[in-house]
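Colleague: I'm new to this structure and would like to learn how to read its salt bridges. Could you walk me through some?

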Amino acid sequence: MAIVERPTALPELPPGAAVTPRPLGVFTRPQSTTGWRSWLTTIDHKRIGIMYGAAAMFFFLLGGVEALFIRAQLAAPGQALYSADLYNQLFTMHGVTMIFLVVIPLGAAFMNYLMPLQIGARDVAFPRLNAFSLWLFLGGGLFLNSSWFLGGGANGGWFAYAPNTGVVFSPGHGMDFYALGLQMTGIASLAGAINLVVTVLNMRAPGMTLMKMPVFTWMGLVTQLLLVFALPVISVALFLLTFDRLFDANFFNVSAGADPLLWEHLFWIFGHPEVYILILPAFGIVSEIIPVFSRKPIFGYPFMVFSGIAIGFMGWGVWAHHMFASGMGPISVAAFSLSTMFIAVPTGVKILNWMATMWGGKLSFTTPMLFAIGLVTMFTIGGLSGVTHAVAPADTQQTDTYYIVAHFHYVLFGGALMGFLGGMYFWWPKVFGFKLSDKIGKWHFWLILIGFNLTFGPMHILGLQGMPRRMHTYIADYGFELWNMVATIGSFLIAAAMLVFVANILVSWRAHRLNPVSPGPDPWDARSLEWMVQSPPPAYNFDPVPTVSHLDEFWHRKYQENADGKVVRVATGAEAAQPGDSTDVHLPSPSYWPLVLAIALPIIAYGLIFNLGIAAAGGLLVIAAGFGFGYEPSDDPESHHGPHGNGHGDGHAQLGDGHEAGAGSEGEPEAGTAGAAGGETEPVGVASTASATDEPATDAEGSTDG
Amino acid sequence: MRTRLRSRRALALLVPLLLLLSACASDAPQDTLEPEGPIARKIDNLVNPVFIIAAVVFVLVEFGVLYLVLRFRQRKDDDPDELPGQTHGNTKLEIGWTVLPALLLGFVAFATLATLFDITNTKDDGLTVQVTGQQWWWEFTYDTDGDGKFTDEDVLTANDLVIPAGENVGLEITSRDVIHSFWIPKLNGKKDAVPGRRHPLTINADEPGTYVGQCTEFCGLSHAYMRQRVVALAPDEFDAWLERQQDAADEPTDADAEAGAELFASQCSVCHLARGINDDQFEEAGQGTSELVSENAPDLTHFASRGAFAGATFDLWEDLDGDHIVEADEIGTANGGRLNRGDLEAWLRDPPGQKPMDPVTPDQVEAGERGRGMPNLNLSEEQIDQLVAFLQTLD
Amino acid sequence: MADTALHGPVAGEAEHDMASHATSTGISNEKLAMWVFLGSDCLLFGALISTYLLLRHRSISGPVELRDPAHIFDIPFTSVSSFVLLFSSLTMALAVGAIHRGDVRRCRTFLMTTALLGSVFIGGQVYEFTSFVKEGLGYTTNILGSAFYTLTGFHGVHVSVGIMFLMAMFVMSLRGKLGPDRAETVEIFGLYWHFVDIVWILIFTIVYLIP
């Protein structure tokens, strides 16, 4: 929370004046909006979202390579491609990476980019905190993976059951990297969650009631609330483990009286809401894509919203279904078995509502639509196997076998990842200003669908035939050979499919550079507010913030009922969209402090493992950066904008108040010289006064900085 | 378009086919769908209808999607500005497809609870065995002194859990170090072995036979090499077996075996006990507590009466009938069994080379630290031969 | 379907008076954020308290006389320090009241008083812990020690961070940067301070008073 949010008296600097260093800070406030440094100091939710996505795809590559190593080893029984210890590190890091460093940040990428746009806001509530979340996530992820070079990766499984993960049974630093790394990514996610919850609750455009928000934003809100309440629990679990490992505490020391089930309960109380955190954003994405390519609204919007909320609540009551064989008494087992069965109901409702959306529609099978249908069909399989797990006696046969591995890959890969890939194809033109090739996209889709089913489909059989999981090899002649080989082949097919995806990005980008035709604001004839701005959107998102009167507000500006009651087009997407040419929209300034604060935490973490002096130094840096962050105004008073006139008091300036216009909108050539004093951040001037029509903001002075 | 849809159809058919195929697989000793005991059968009877319901839902949804994709696809001659009916929902329908699955699940829930409590309340028919997991083998304790407790005074065996067939045998499962899990798929679901806790599990084998399983809770380096076998004997054979297990080992008469016994007493007493052979040395060396974190190594008094060793990872006797399981009638020279010398010698030659472990090094022994698993004792080939000769006599 | 530009919320824009910044809920971003954060902090302490409750009677190592919390705690002493913390919530509320009335000086005084009282509480904790350690109950002695010190330690860190903020606000006030237009800042911090106090009431009741 910033102590000082508002700027002090704004100096009026003539153009060309030198920028003086700020009194409190060591660093001069960053000014630029272009160049690689601008990305490090950006607080723009769109850039942050892009960076989350890019980082996630990098970690996806890591996790994917780990998976290929696993599948190579398991292609045949009795192989020894590498040691059992390395295998344990590989499957642990694969799980941790995919869950915490891929799916969660991919969700964060979409939610960060889209939620403000979908609610008609200009950014999130706390833009610098948003940047901090990104950099701390990245720092935590790199810290965790640095373990590969510093003694070995974590090797206790992603679920890290005590006492196996204590110092006696997991000597070496791997599990310390695990505990501290996840602690950091957890803090990052928590900060991001607080940010997005406040944003959605507080910063909606006029007229956008909660029940007019797009389904994606709703699912995002539920996800963020789940994060707010689930993360502290795993945080405590990780603290306890860290204290045991580093400071000789007794939390999981059985000879001191500990009960190892404490870890299990704490972990799964987080762990189960976590899986809904993983899937709900993808559910949201699919709820956006299917209506667009069915050309009709989502079927049963209220049910879609409430089923998401129901999943959010009910998800808290099912955690011990991960513990049916753990030695809990039969009453507990019965209770959790029941609650687990019933959580299938709201999820099933969604599947049926998506199908009903398609019913009677005019379906076009673009790549996003294919991936969306992929989620619907593949998640169903994962959901059904999940229901079989809910039958607790059956689960005592299924748990810890490949049947479970099949289940969660169907819901996470066939569910979440398919949704995210579809979302990438869908929103790519909006974010980057060019479309990905639909033709190559279809190859990507079919290859990955086939590869995915080949890999994980047979695992159902392997599990039911008794092949346990988390083993570096399996017993020969027990019937496991064939399907393991098939699964290995499938996994390499998945890799090939992802190479096709990379090729698609490169080919499409090249094609765009050779022939830069913009896809325009609304290439898909879509429904929500993000399609109402140019592609890519201006830094300030909206010219005037729109007033909302409908769910699918943008759609209703293009299509209305005519005199005969028939819904007809009244405007094209380009006509109904905003031109994005405002030049006097005030945005908060970029900042170094989020990055500095985010770097300080991994320093503490390295220090805790290797040298307490370093940890202390990191702690001091946290305090210093915290103060720096807090005392820095969210707007740079040095940045060049003129007096706000008397409009500032109520938050919005009028036009013609003598505002300096500047190159504020699109991230123009940077004001890197001493002369151009921060021309990008501009005074408040959100469009016209009481005009009854949408008028884009025009500036009075007209001068720009370059 | 056509080929795409055809391949979708093919894919949609594939999955139920796979499930069907799995039920047909025969050579799967850990197959959960082929119960060989009443408790596992109850689970199977519960889950089969659930699988069928799941399959029906699967077909409805997947073929439903296929149908939607075919019927409502935008055709080439469609006017792009002509919108389809902009239905927003149908409350009755949605309530229906909320309530109906809930009802269906209600039935499944009822059946689940019935089976759950039925299985949990299975009465033991008399025999209770303590099952103790540690890295990376299973110990079984029979309350042979009848004091109601499981102590070192009782019969201790490893790897092979021998039980009478056709009876409910109660297991009390615990651990000495990390969490393991005891599982014999054909007899029952699994139950975790948690240090500091005791968990009950009942097993019952319809017929005499050998039923196998693996540790199913990740427990470190040799998790893949921690297995267990249940050997169900006819009740009178079981009684005879239990009698024999209570006897101390016979002193060997053969020269090699005698040398091996001496070697055993001098080299192995730090961890292992063979009653009648090295009782004194075992006691002097701390009763197995000094070099192992779990403070226990397998009791070897009747080592040769077992079908497997080293956490049931290696066969001790050869699998003569080719079914990949060493059964009771293949154990022991008296039965015409053939010792699997190769694996046993390889083990003695270099245990950590056979199975990844974290045993103590000599330096650690000096420092008073402990390890997990059996170290390499750098035995000569002659010593190995002598030990093998000796171990064979421990029937 | 006019888009009136005047009403859209502007991202992160600092305002002279936060409260006038139009938000969909009517609560300022910063205040709402504090509520959400406190919600998550509830779960943090919930997990820590649950852990303590589960573990407090399970000690089987360390000296026998140090296994039962009842034998170790000095309830009268801790009652006094609890009262001190409770009183600091009163002075915190008075600080908020003062700044709302525009009385910057009094607000400053109450902020400092709150900080001092908080420090007395921390001092009491430190004294209490050192006396336990002298008796032999250290962090690693047994499971009770680990659980107790961790729970109370987390609370102590929360109090200490709060004291830091109080000092920072005191300094800001001295420099004239914490005027009545910034009343909400004090109020928001007050929420945090009261939360920390309520958690202590819970801890004191569960850990010390209920056997």
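Modeller: Gladly! A salt bridge is a side-chain nitrogen of Lys or Arg within 4 Å of a carboxyl oxygen of Asp or Glu. Here, Lys31(C) and Glu187(C) form one through their side chains, with 2.7 Å from N to O. Because Lys31(C) sits in helix H1 (residues 29-55) of chain C and Glu187(C) in helix H5 (residues 183-209) of chain C, the pair ties together parts 156 residues apart in sequence. Helices (H or I, at least four residues) and strands (E, at least two) are DSSP runs, numbered from the N terminus.

Colleague: What should I know about the model and its numbering?

Modeller: This is a predicted model, where local features need pLDDT of at least 70 and side-chain atom pairs count only at pLDDT 80 or more, while totals for chains, interfaces and linings use all residues; side-chain values use heavy atoms, leaving out hydrogens and water. Residues are numbered from 1 along each chain as its sequence is written, with chains lettered from A and ligands numbered from 1 in the order in which they are written.

Colleague: Is Lys31(C) buried or exposed?

Modeller: Buried means under 20% relative accessible area, exposed over 50%, partly exposed in between (1.4 Å probe, protein chains only). Lys31(C), at 16%, is buried, and Glu187(C), at 24%, is partly exposed.

Colleague: Which residue does Glu139(B) meet in a salt bridge?

Modeller: Its partner is Arg176(B), at 2.8 Å from N to O. Glu139(B) is buried at 2%, and Arg176(B) is partly exposed at 26%.

Colleague: How many salt bridges are there over all chains?

Modeller: The search of the whole structure finds 34.
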